Amino acid sequence: MTKTRPNILIIMADQLNGTLFPDGPAEWLHTPNLRALAARSARFQNCYTASPLCAPGRASFMAGQLPSRTRVYDNAAEFCSDIPTYAHHLRRAGYYTCLSGKMHFVGPDQMHGFEERLTTDIYPADFGWTPDYRRPGERIDWWYHNLGSVTGAGVAEISNQIEYDDEVAFFAEQKLYQLARIEDDPDRRPWALTVSFSHPHDPYVARRKFWDLYEDCPHLEPQLEEIPYHAQDPHSQRLYVANDYEKFAITEEDVRRSRRAYFANISYLDQKIGMLLDTLERTRMAEDTIVVFCSDHGDMLGERGLWFKMSFFEGSARVPLMMAGPGIRPGLVAQPVSTLDVTPTLADLAGISLEEVLPWTDGESLLPCFAGGDRETPVLMEYAAEGSCAPLVAIRQGRWKYVHCALDPEQLYDLAADPHETRNLANDPAHADRLAAFREQRAARWDMDAFDAAVRESQARRRVVYEALRNGAYFPWDHQPLQKASERYMRNHMDLNLLEESQRFPRGE
């Protein structure tokens with residue numbers, strides 16, 4: 001019997017390209033577990049990140065607020081502790097909230113509503129990765145992406161990221177077992193467990209058994225040819241420079257190997273997800289658990305010659321989103337939606353009054369979409385991090401995508417007629433009225449001068465603070481998971497008989 005307040009399992013990938021999920025995973029991907037999840041899910045074909053970079057995208061995902069509101073503009077901007085997240089909303093309503101894995105929180109608050117974190121993060125929590133708009137075009141070599149991830153693509157049985165995600169999955173599975181042991185307790189709290197992996201984020205390195213799955217894959221070449229630097233739009237040119245493209249001679253084989261490893265790491269991720277879903281089934285919690293699968297942003301994967309994220313093009317900005325469980329009707333949802341919508345949707349599914357949540361979010365509940373309703377609200381995106389020299393904003397509405405930056409010519413794409421965004425219609429007289437309407441929307445939603453000033457002030461403040469804190473005694477903000485070893489397994493303040501019975505699931509079978 002389904003409980004009135006379901007458990008919630010949120011599974012997050014990192015840098016997973018949403019165009020590979022046209023209706024669940026593409027048929028050629030070796031992803032049996034994601035395919036099975038898709039079959040019982042509401043599948044959002046056109047879901048967009050609020051910002052195509054890790055920390056801004058994740059803060060917006062958790063808070064349901066755009067970066068201009070969270071002030072998490074880049075990968076070194078503090079996520080302030082007074083901003084409510086879905087973990088706060090659920091915990092306030094009585095949920096136990098827990099995180100295993102990456103969320104790229106920057107600042108001294110490393111919890112943001114989670115009651116427990118099982119692992120540390122994979123990326124630093126301080127201000128060291130702060131970009132600087134005062135130095136346009138500057139490349140900060142020690143932390144900026146470069147194309148070494150492409151030229152170095154290949155096979156490894158262990159890597160920094162593989163080690164991390166192995167740990168994330170292990171601790172998440174152990175937590176599910178712990179939660180199962182108290183599932184029958186009438187006083188137990190419903191739980192919300194977020195499991196956030198680092199794959200298939202570059203570097204493009206995969207274990208052999210997953211690499212071998214794609215030996216004859218027909219999708220190892222990009223669909224769009226590389227566009228020379230001089231022919232790219234200005235923001236893409238800035239990304240070329242930010243990624244240090246001149247120092248790398250990318251061959252066709254480099255591209256093929258990078259895409260192969262990326263696809264292989266989707267299969268690696270699928271195996272981890274299958275383990276978690278299998279544990280839910282075996283511990284008899286699956287029927288009462290909502291499962292959400294999503295990503296923070298995508299990866300261009302060599303399309304147009306672009307790699308990684310930081311762009312509003314589809315490969316970078318579009319992400320998978322699937323939701324399954326009690327109260328969710330399976331099916332394909334084609335209307336554009338946002339990762340900003342996840343927080344109010346989770347609150348709605350948990351029975352929390354949206355009056356308590358909507359003041360703190362720029363998103364809206366997707367429950368009407370589950371019943372076949374239309375969502376007409378425009379999807380908004382922002383970007384103000386490395387590879388930019390002024391903030392960029394975008395609006396996806398219906399079949400159209402509009403992109404604006406004060407430094408650049410505008411972009412307007414008809415995604416129905418031109419899904420690969422090869423024809424910028426902003427200068428086409430036939431679309432002048434549509435462009436004017438988007439300009440009016442943009443002016444009503446954003447004060448671009450104020451946005452730019454806020455980003456610059458934030459960057460300047462953080463650079464002062466970072467330099468100061470790295471002098472003398474250094475106390476890191478990185479999360480340090482606590483392992484209470486004296487409370488695990490058998491200790492002499494415990495009754496062995498009671499311990500063995502309480503730790504067994506199921507009991508007495």
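Helices (H or I, at least four residues) and strands (E, at least two) are DSSP runs, numbered from the N terminus. This is a predicted model, where local features need pLDDT of at least 70 and side-chain atom pairs count only at pLDDT 80 or more, while totals for chains, interfaces and linings use all residues. Residues are numbered from 1 along each chain as its sequence is written, and side-chain values use heavy atoms, with hydrogens and water left out.

**Helix α6**

- Start with α6, residues 160–181: its 22 residues reach 33 Å from first C-alpha to last, close to the 32 Å expected at 1.5 Å a residue (the expected span is 1.5 Å times one less than the number of residues).
- Its buried residues are Q161, I162, Y164, D165, V168, A169, A172, E173, K175, L176, L179 and A180; buried means under 20% relative accessible area, exposed over 50%, and partly exposed in between, with a 1.4 Å probe and protein chains only.
- Looking down the axis of α6, those buried residues fall within an arc of 165 degrees, so they line one face of the helix (the arc is that of the directions from the helix axis to the C-beta atoms).
- On the face turned away from the buried side of α6, you'll find the exposed residues N160 and E163.
- The buried residues of α6 pack against β4 (96–101), β5 (116–117), β7 (191–200), β8 (205–206) and α9 (252–282), with contact meaning heavy atoms within 4.5 Å.

**Strand β7 and its partners**

- Ten of the ten residues of β7 are buried, so the strand is largely enclosed by the rest of the structure.
- β7 pairs in the parallel sense with β1 (residues 7–14) over six bridges; strands pair if DSSP finds at least two bridges between them.
- I11 sits opposite V195 in that β7 strand.
- β4 also pairs with β7 in the parallel sense, over six bridges, and G101 has S196 in β7 as its bridge partner.

- α1 (residues 32–39) packs against α9 at an angle of about 55 degrees, with the axes 7 Å apart; axes are lines fitted to C-alpha atoms, for helices over the stretch in contact, and angles run from 0 to 180 degrees between N-to-C directions.
- That makes α1 oblique to α9, given that angles under 35 degrees count as roughly parallel, over 145 as roughly antiparallel, 65 to 115 as roughly perpendicular and the rest as oblique.
- At this contact, P32, N33, L34 and L37 in α1 meet D270, Q271, I273, G274 and L277 in α9.

- Three strands line up as β10-β3-β13 in an open sheet with mixed pairing.
- The edges are β10 (318–319) and β13 (337–338), each pairing on one side only.
- β3 (residues 47–48) runs antiparallel to β10, joined by two bridges, and C47 stands opposite V319 in β10.

- β14 pairs with β15 (residues 392–397) in the antiparallel sense over five bridges, with V379 opposite R396.
- H235, in helix α8 (residues 234–242), counts as buried at 5% relative accessibility.
- Leaving out residues up to four places away in sequence, H235 touches M310, S311, Y383, G387, S388, L392 and D408.

**An exposed loop residue**

- P136 is in the loop between β5 and α5 (148–151) and counts as exposed at 59% relative accessibility.
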